[in-house]
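Me: I would like to learn how to read a model like this one, feature by feature. Please take confidence before anything else.

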Amino acid sequence: MDGAQGSRAQASLCVWCLLMAKVLVIDDEIIIRDRLKNLLLLDDYEAYSAENGIEGLELFESEAPDVIVADIKMPKLNGIEVLKRVKMKKTATEVIFITGHGGVDTAIEAMKEGAFGYIQKPIEYDELKIAIEKAIEKQNMQAKIDTYVLELEKSVNEWEITFNCVSDCLSIHDEHYNIIKANKAFTDTFGYHSDIFNTKPCYDIFDCIKNDIAHCLNLKSHHSRASCIKDIFYKPLNTYFEITASPIFTKDGKFKGSIHIFKDITQRKLYEEQIQASLQEKTLLLREIHHRVKNNMEIISSLIELHIEDIEDKKTINMCDDMKNRIKSMSLVHKMLYQSDNLSEVNFADYTKNLVTDILNSYCVEPSMVAVNMDIIDVYIAMDTAVPCCLIINELVTNSLKHAFTGMTSGKLHISLREVGQKTDQKTDNNAYELIVKDNGKGIPEDFDINKSASLGLKLIKILAEYQLGGKIEMNTKEGTEFKLSFNELQYKKRF
Ligand SMILES: Nc1ncnc2c1ncn2[C@@H]1O[C@H](COP(=O)(O)OP(=O)(O)OP(=O)(O)O)[C@@H](O)[C@H]1O
Ligand SMILES: [Mg+2]
C-alpha cells in the first residue's frame with residue numbers, strides 16, 4: 001500500500017471538507033515539492049507548489065489556500081517571514097512547517113509566531129496528511145465558533161434593543177442586591193450614576209425605608225418564588241412607582257436575582273387621594289344628615305310632649321304617647337347609623353336591645369316585672385328594611401307592655417330573629433328572616449278581628465309587614481300572644 005492509499009484508508013476527518021481543501025507547498029527542493037504536490041493531488045486535494053517564499057506569497061494571494069506547507073529555510077524569503085505575512089492578512093490559512101534535522105528550535109519559534117505545526121524531514125506523508133487534516137478541522141471548528149459568536153452577538157443585540165424599547169423602567173438585580181443592568185427608560189429616569197449602580201443595595205435606593213431589607217422585593221420574590229408588587233414613593237423624583245419584581249432562577253433552581261419593572265403611578269395616586277378625600281367628605285356629610293334627621297325627630301317628639309301637657313283627654317294623651325314612641329324608635333335607627341362605621345346598615349341585635357330598653361324606660365317597667373329574653377342573630381340590616389322592622393317591634397313590644405300583663409305581677413317577653421332558607425355569603429333577595437315577638441300574657445281575645453279594629457297599632461303592623469316589607473305576619477294566641485313576621489331583606493333601589 002503506497003502512502004496515498006494508506007492515508008486514504010485512514011482518513012476519518014471531515015471527508016467532504018478535505019475534498020475541497022487547497023494546499024500550497026513551498027519548498028526550494030524540487031524533489032520534496034513535487035512529491036508532496038503529487039501525493040496531495042492523488043488524495044483529491046487542490047494542490048499548488050512554489051519554489052520560494054515570494055512565489056509562495058503570490059500563490060497565497062491568488063489561490064487563498066486553506067493550508068500552507070512551507071520549508072523554514074528558503075532563499076529570498078524564509079518560512080517564518082512567509083508565516084508573518086500570512087498572519088498579517090488575518091485569514092484562516094494555517095501554516096505547517098517542514099524542518100530539517102536540528103531545526104526544532106526554529107520550529108518552536110515558528111509555533112510561537114502562530115504556525116499550526118511542524119514536520120521533521122525526512123517527511124512521512126501520512127504524518128503530514130494528519131497534520132493537514134487537523135489544521136482543516138481546526139479551521140472548520142473556528143468557522144463554527146465564529147458563526148455561533150455572530151449569532152450570539154445578533155441575539156444579544158436584539159435583546160438589548162427590545163430591553164431598551166420598553167417604556168417602563170426595567171432593572172436587573174443580582175442575588176447580592178446590586179443593580180447589574182438597566183434599560184434606557186431606567187437610566188433616563190434615575191440617571192446613570194454610581195449611587196444606583198453597584199455601590200448601594202437596591203433596597204436602600206428604592207425602598208426608602210432605611211436599611212429595611214425585610215421589605216426588599218428582591219428578597220421577597222426569592223422567598224416566595226413568585227412575582228411581588230409594592231408601591232413606593234421615590235423622594236428624589238417626587239414620584240410614586242409601582243414596582244413588580246420577578247425572581248430569576250437557574251435551571252437547577254438557584255436564585256440569581258430578579259427583574260424589576262417600575263411603573264409611574266403618580267397620577268393614579270393623586271386620583272386615589274382625591275377619591276379618598278371626597279369619600280371622607282361624603283361620609284361626614286352622610287353622618288351629619290343622619291344626625292340631623294335624628295335631631296329633627298327628637299324635636300317632633302318634644303313638641304308632641306309639650307302638647308300632651310295641655311291635653312286632658314286620657315285617650316288623646318295615650319295616642320300622643322304612642323306617636324312619640326313611634327317617632328323615637330325611628331330616630332334610634334338614625335342615631336345608630338351615624339354612631340357606627342357602617343352608614344347604611346344597622347346591627348339588628350344592638351338596635352333591638354336599645355329599642356326595647358327605651359320602650360321599657362318610657363313605660364317605667366321595672367326589670368323584675370318583665371323578663372326580657374332576646375335571641376337575635378348577628379346581622380346587619382339596611383335602613384330600608386330596618387325602619388319598618390323597628391316600627392313593628394315598637395308596636396308589638398308596646399302592646400305586650402300595655403295589654404298583656406294586666407293583672408299579673410310579672411311577665412315574660414321573648415324577641416328573636418333568625419335566618420331562614422338557604423344561607424348565602426352575600427346578601428341577596430334570598431336573605432330571608434323570621435322575627436318573633438311573644439309574651440306570656442293574657443292573650444288577644446280570640447274574636448279579635450284586625451281588619452275591624454278601630455285602633456291603629458295592629459293595622460300599622462299589617463301594613464308595614466305586607467306592603468312595605470312584602471312579608472307575612474301570623475298571630476298565635478294560644479299561650480299569651482305570639483306574632484311571627486317572615487320577610488326578606490329589601491334590595492336597595494336607586495332613587496335618583
Ligand atoms: N300582646 C297583647 N296581649 C293582649 N292583648 C293585646 C295584645 N296586643 C294587642 N292586644 C289587644 O288588641 C287591641 C288592638 O291592639 P292595637 O295595637 O291595634 O291597639 P292599641 O294598642 O289599643 O292602640 P294603638 O293604636 O295605640 O296601638 C288592643 O287594644 C288589645 O286589646
Ligand atoms: Mg297598640
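This is a predicted model: local features need pLDDT of at least 70, side-chain atom pairs count only at pLDDT 80 or more; totals for chains, interfaces and linings use all residues.

Me: What does the protein chain average in pLDDT?

Reply: The average is 87, and 90% of the residues score at least 70.

Me: How many helices and strands does the protein chain have?

Reply: The secondary structure comes to 16 helices and 17 strands. Burial is read from the count of other C-beta atoms around a residue, with 20 or more within 10 Å as the cut-off. Of the 496 residues, 29% count as buried. As for contacts with a separation of 6 or more, 61% are between residues 24 or more positions apart.

Me: At what angle do the axes of H13 and H15 cross?

Reply: Angles run from 0 to 180 degrees between N-to-C directions. The axes of helix H13 (residues 314-339) and H15 cross at roughly 140 degrees and come within 10 Å. The crossing is right-handed. On the H13 side the contact includes Asp-322, Arg-326, Met-330 and Leu-337, and on the H15 side Met-383, Val-387, Leu-391 and Thr-398 are among the residues met. By class, the residues of this contact divide into 9 nonpolar, 4 polar and 2 charged.

Me: Which residues of H14 meet H15?

Reply: They are Tyr-351, Thr-352, Leu-355, Val-356 and Ile-359. Their partners in H15 include Ala-386, Cys-390, Ile-393, Val-397 and Leu-401. The residues of this contact divide into 9 nonpolar, 3 polar and no charged. Helix H14 (residues 348-362) packs on H15 at an angle of about 35 degrees, with the axes 10 Å apart. This crossing, too, is right-handed.

Me: Turning to the ligand, which residues come nearest to ligand 1?

Reply: Of the 19 residues around ligand 1, the nearest are Asn-399, His-403, Ser-455, Gly-457 and Leu-458. Helix H15 (383-404) and helix H16 (457-468) are the elements that give two or more residues to this shell. H15 supplies the largest share, 6 residues.

Me: How do the residues of that shell divide into nonpolar, polar and charged?

Reply: The shell has 5 nonpolar, 9 polar and 5 charged residues.

Note on methods: Residues are numbered from 1 along each chain as its sequence is written. Chains are lettered from A and ligands numbered from 1 in the order in which they are written. A residue is near a molecule or strand if its C-beta atom, placed from the backbone, lies within 6 Å of it. Helices (H or I, at least four residues) and strands (E, at least two) are DSSP runs, numbered from the N terminus. Ala, Val, Leu, Ile, Met, Phe, Trp, Tyr, Cys and Pro count as nonpolar, Asp, Glu, Lys and Arg as charged, and the others, Gly among them, as polar. A residue is buried if 20 or more other C-beta atoms lie within 10 Å of its own, exposed if 12 or fewer, and partly exposed in between; C-beta atoms are placed from the backbone. Two residues are in contact if their C-beta atoms, placed from the backbone, lie within 7 Å. A crossing is left-handed if the near helix is turned anticlockwise from the far one by less than a right angle, and right-handed if clockwise. pLDDT is the predictor's confidence in each residue, from 0 to 100.
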